[in-house]
Amino acid sequence: MTYLGPWWVDDAGLGVVADPLAGEQAVDVAVVGGGFTGLWTALALREREPGLDVALVEADFCGSGPSGRNGGFLHGYWSSLGTAVELFGVQRALELARAGDRIIPGVRAFLDARGEDAWLHEGGLLEVSAAPAQDAAVERGARVARALGVPDEAIALSRDDVVARCASAVFRNGVLFRDGATVHPGRLVRALRDAALDAGIRIHEQSPITRIDRSASPAWRGDTPPAGRRSAALRVRAERGSIRADSVVMATNAWMTGWRPVANRVTNMGSWVVLTEPAPAALEAIGWTGHEAIVDGRTFLHYFRTTDDGRVLMGAGAGRIGFGGNVDDRFFLDASAQRRADAGLRRLLPALAHVKVERTWGGPIDVSADRLPFFGSRGRIHFGVGYTGNGVGPSWLGGQILASLALGLDDEWAALPLAGRRPRPLPPEPFRYVGGSAIRAATLAYEDAAEAGRPEPRVARAVASIPRLLGIPLGTR
């Protein structure tokens, strides 16, 4: 098994299609980052103001980051309702979850309008318990939904109910969230990129940004800015060129974790996947034919789904923790994370033991201090970060929020609970890295022992419980 990069990227034919940023340019809004958040934002800006001049600048090629290597789970926040209630209160949490109901229809409408097939299937999000220690975490979703009067959003399933959807000897029970779909992320990125180009949005790839500073010159052509705009400008600089803009949107995911305005509230962590060869007969044999997106109840969860050609993708959100926001080789050459993803495939889906793994890849994701993203502004630089492994769907929502912030609108998107908030700060470095690494190792050791039926490692469990005692969530669920 060789690391060849994300299969999604190859299958969708993603790669560099636009020239690097060169010379001096001027636009209304510059978007930094060519993943889902940046592309949805750019399109939302042009949709709301067709005459707006928008440029998007990407360090590599559109989809080269987490947007091209994720699991393709498309959903909003009904599965995070308990966390949202703790952070925002009942009414605001329900407001966020209901706003998330617009994600899947929004993506489907976009694909239909473009005539694109991105393998979008609405099979629900199925959370399963694969060990006694996971029962409470899994059952919480249905319990919270019942308590808040929305029981249809999270339906408790018995073991027989779960096995009827995907047969595995280790599945104990589960909860089915109505809000859940799967998508081919590479094809979705390609459709978004092509739509942006068709809309007249300038895209510059292979253009890493070196800095953003104030410009003495206005961004606007002519003597006066358009109505409602300010004349002062920001300058986005790359190695071979720059763009003057009235507003800048930062949407670079794990590469933002070292950016000072958010650095103490978000960190990066590795996530890894393995992808099997096509095995449609094996999927038929276990009854997994409904396109359910599935996660287990671990703190650093496993996530798995099928593809239209009968493959299984198994991911493990258990990679290494970054230091100081740096993105380096530890995220892309993580043999231990690869082994965890492969072991998860064999344990959770034993009927696929004979199926060959053809591809493996991984990289960093952005993890917020409370596991939900946050969007805000620092002057006229606007940002969104902290998806914590659930970004494919919420990036659609984020695009709407960031477009509103960049346009200075006080509307329904800018009023959502994710906008304008400040998650609690994380410990400073090196305590964040040292402590986070120790707690991660202890959590994995404790949950591994629980799955294997070994005696509970008391020291590991005690260390793993520290974040919850301090009120700091840890992990990808």
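**Figure 1. Surroundings of Thr-37.** Leaving aside residues up to four places away in sequence, Thr-37 touches Ala-251, Tyr-387, Ser-395, Gly-399 and Leu-402, where contact means heavy atoms within 4.5 Å. The model is predicted, so local features need pLDDT of at least 70 and side-chain atom pairs pLDDT 80 or more, whereas totals for chains, interfaces and linings use all residues. Residues are numbered from 1 along each chain as its sequence is written, and side-chain values use heavy atoms, with hydrogens and water left out. Thr-37 lies in helix 2; helices (H or I, at least four residues) and strands (E, at least two) are DSSP runs numbered from the N terminus. Thr-37 is buried, with a relative accessible area of 8%; buried means under 20% relative accessible area, exposed over 50% and partly exposed in between, for a 1.4 Å probe and protein chains only.

**Figure 2. Contact of helix 2 with helix 8.** The axes of helix 2 and helix 8 (residues 185–198) come within 10 Å and cross at roughly 35 degrees. Axes are lines fitted to C-alpha atoms, for helices over the stretch in contact, and angles run from 0 to 180 degrees between N-to-C directions. From helix 2, Phe-36, Leu-39, Trp-40 and Leu-43 meet Pro-185, Leu-188, Val-189, Leu-192, Arg-193, Ala-195 and Ala-196 of helix 8.

**Figure 3. The aromatic pair of Trp-40 and Phe-110.** The structure holds eleven aromatic pairs; rings of Phe, Tyr and Trp (its six-membered ring) pair if their centres lie within 6.5 Å, and planes under 30 degrees apart count as stacked, over 60 as edge-to-face and the rest as tilted. The ring centres of Trp-40 and Phe-110 are 5.3 Å apart and the planes stand at 70 degrees, so this pair is edge-to-face. Because Trp-40 lies in helix 2 (residues 36–48) and Phe-110 in helix 5 (residues 103–114), the pair ties together parts 70 residues apart in sequence. Both Trp-40 and Phe-110 are buried.

**Figure 4. The aromatic pair of Trp-259 and Phe-383.** Trp-259 and Phe-383 form an edge-to-face pair, 5.6 Å centre to centre with 80 degrees between the planes. Trp-259 sits in the loop between strand 11 (241–250) and strand 12 (266–276), and Phe-383 in strand 18 (residues 381–385), 124 residues apart. Phe-383 is buried, with a relative accessible area of 8%.

**Figure 5. Buried residues of helix 4.** In helix 4 (residues 90–100), Ala-93, Leu-94, Leu-96, Ala-97, Ala-99 and Gly-100 are buried. The buried residues of helix 4 pack against helix 3 (81–88), helix 5 and helix 11 (394–407).
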